[in-house]
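Let us work through a few exercises together, one step at a time. Keep the sequence and the 3D view open as you read.

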Amino acid sequence: MDAGDQSPEEVYSVWALPPEPVRARLRGVMAGLRAAHGGPAFEPHATVVGAIRLRRSAAVEALRAAAAGVRPYTARVVGVARGDFFYQCVYLLLEPTPEVVEASDHCCGHFGYERSTPYMPHVSLLYGDLTDEEKEVARKKVEEIDKEICGLQFEISELALYMTDTEDKSLESWELVEICHLERK
């Protein structure tokens, strides 16, 4: 860590980024959901390390060290689901293959992040405080907008560090800090 870094501690998260053609496809689904249900816009991603408070230099250093030990890996959508809180309103459930789970475990180790619940790899499509009925309507709408989304498979070859103040539900303060490309060995 940079001993000279006197920046305040902020909340950071590490995201696995789908490749751009997949992100564009997901943005289309997300825009359709927001048009019907509201909610903030955000980049399609699978959270690898949840919100953790660090100084910026320590977070960047941890991302770089973590990414150096992760190879590109495959993610596969196995379903569309709805969750119980704002940041997991409607999402794509990813198959928790060993390589998906190990990538997250590896990165969490570098960040000193301890999960409070077992890792559930997913790509959120809609953030919001909806009723169960509204969430179910939104979940079904995903399958109407993109009938082929279940079974979608893509390679994760980038990890991104985002500043993600979870108190800011507008996401206006959320900021991309750095992207690391995963190297094949």
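About 40 Å³ of space lies in the largest cavity. A cavity here is a set of points on a 1 Å grid over the protein atoms alone where a 1.4 Å probe fits but cannot get out; its volume is the space filled by probe spheres set on the points, which are joined across faces, edges and corners. The model is predicted: local features need pLDDT of at least 70 and side-chain atom pairs count only at pLDDT 80 or more, while totals for chains, interfaces and linings use all residues. Residues are numbered from 1 along each chain as its sequence is written, and side-chain values use heavy atoms, with hydrogens and water left out.

**Exercise 1. Find which residues line the largest cavity.**

Step 1. Lining residues have an atom within 4 Å of a point. They are Ala16, Ala46, Val48, Tyr73, Ala75, Leu94, Val100, Tyr119 and Ile156.

Step 2. Strand 2 (46-54) and strand 3 (73-82) are the elements that give two or more residues to this lining. Helices (H or I, at least four residues) and strands (E, at least two) are DSSP runs, numbered from the N terminus.

Step 3. Sorted by class, the lining has nine nonpolar, no polar and no charged residues. Nonpolar covers Ala, Val, Leu, Ile, Met, Phe, Trp, Tyr, Cys and Pro; charged covers Asp, Glu, Lys and Arg; the others, Gly among them, are polar.

**Exercise 2. Describe the surroundings of alanine 75.**

Step 1. Look for alanine 75 in strand 3. Its relative accessible area is 1%, so it is buried (buried means under 20% relative accessible area, exposed over 50%, partly exposed in between, with a 1.4 Å probe and protein chains only).

Step 2. Not counting residues up to four places away in sequence, alanine 75 touches Leu94, Leu152, Gln153, Phe154 and Ile156. Contact means heavy atoms within 4.5 Å.

**Exercise 3. Explore the largest pocket and the element that gives the largest share of its lining.**

Step 1. The largest pocket holds about 610 Å³ of space. A pocket is an open set with protein on both sides within 12 Å along at least five of seven lines.

Step 2. It is lined by 26 residues, of which Thr47, Gly50, Phe85, Gln88 and Tyr113 are the closest to its centre.

Step 3. Strand 2 gives the largest share of the lining, five residues. By class, the pocket lining has 14 nonpolar, eleven polar and one charged residues.

**Exercise 4. Work out which residues of helix 1 are buried and why they share a side.**

Step 1. Helix 1 (residues 20-37) has 18 residues and reaches 25 Å from its first C-alpha to its last, close to the 26 Å expected at 1.5 Å a residue. That expected span is 1.5 Å times one less than the number of residues.

Step 2. Val22, Arg23, Leu26, Val29, Met30 and Leu33 are buried in helix 1. They lie on the same side of helix 1 because they cover an arc of only 125 degrees around the axis; the arc is that of the directions from the helix axis to the C-beta atoms.

Step 3. Pro21 and Ala35 are exposed on the face of helix 1 turned away from its buried side.

Step 4. Just after helix 1, glycine 38 takes a positive phi of about 80 degrees.
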